[in-house]
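The following exercises concern the architecture of one protein chain. Please study the sequence and the structure before reading the worked solutions.

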Amino acid sequence: MNDVQEYIAALRISQKEIMSVLRIWILDLGPHAKEKISYTVPYFYFYVPLCYLNPTIDGVDLSFAHGKKLSNEHKLLKDKNRKTVASIRFHSLAEVEEREEQIRQILNEAAILNQYLHNLKKKKK
């Protein structure tokens with residue numbers, strides 16, 4: 001069990017269920033998807049910081065590092081007056097499962113954006 005799995009295992013059952021499913025979907029993005037505990041929460045990288053899972057009093061936030069640059073066509077992302085981060089709050093596993101297709105689309109869009117940002121950075125060097 002790695003640090004992220006240990007972190008998730010220590011949460012309340014509802015948060016554990018939500019985070020476990022989201023973690024799998026994030027890691028499904030491919031071999032460039034990496035995870036570690038950063039800023040005291042599970043953080044995921046896809047070339048550059050992609051997203052993090054943050055337990056809240058009433059659920060779990062899936063927060064995207066470059067969330068304000070995403071299209072948000074499903075109107076799920078909320079920026080809460082943050083400069084770059086936008087997030088989705090989930091209150092139950094059922095809510096996550098109902099929105100699987102939309103969440104996976106957002107994850108894919110974020111991964112494509114991250115690869116683009118990574119490639120831009122490489123070109124500047």
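**Exercises on a predicted model**

Helix 2 (residues 13-27) lies across strand 1, strand 2, strand 3 (48-56), strand 4 (59-64) and strand 5. Its angle to strand 3 is about 170°. The model is a predicted one.

**Exercise 1.** Determine in which order the five strands form the sheet, and which are the edge strands.

*Solution.* Step one: the strands follow the order 1-2-3-4-5 in an open sheet, with antiparallel pairing. Step two: an edge strand pairs on one side only, which applies to strand 1 (33-38) and strand 5 (86-90). Step three: on average, neighbouring strands of the sheet are turned by 20° against each other, direction ignored.

**Exercise 2.** Describe how strand 1 is joined to strand 2.

*Solution.* Step one: strand 2 comprises residues 41-46 and runs antiparallel to strand 1. Step two: six bridges join the two strands. Step three: Tyr43 in strand 2 has Lys36 opposite.

**Exercise 3.** Identify the residues that touch the most other members of the largest nonpolar core, and the element that gives the most to this core.

*Solution.* Step one: the core has 33 residues, and Leu22, Ile26, Leu62 and Phe64 touch the most other members. Step two: among the elements giving two or more residues are helix 1 (3-9), helix 2 and helix 4 (100-124). Step three: helix 4 gives the most, namely seven residues. Step four: beyond its neighbours within four places in sequence, Phe64 is in contact with residues including Leu50, Leu77, Ile88 and Ile106. Step five: a second, separate core has six residues, including Tyr43 and Tyr52.

Notes. Residues numbered from 1 in each chain as written. Predicted model: local features only at pLDDT ≥ 70, side-chain atom pairs only at ≥ 80, totals over all residues. Heavy atoms only, no water. Pairing = 2+ DSSP bridges. Helix = DSSP H or I, 4+ residues; strand = E, 2+ residues; numbered from the N terminus. Axes fitted to C-alpha atoms, helices over the stretch in contact; angles between N-to-C directions. Contact = heavy atoms within 4.5 Å. Core = buried A, V, L, I, M, F, W, Y, C linked by side-chain atoms within 4.5 Å. Buried < 20%, exposed > 50% of the residue type's maximum accessible area, 1.4 Å probe, protein only.
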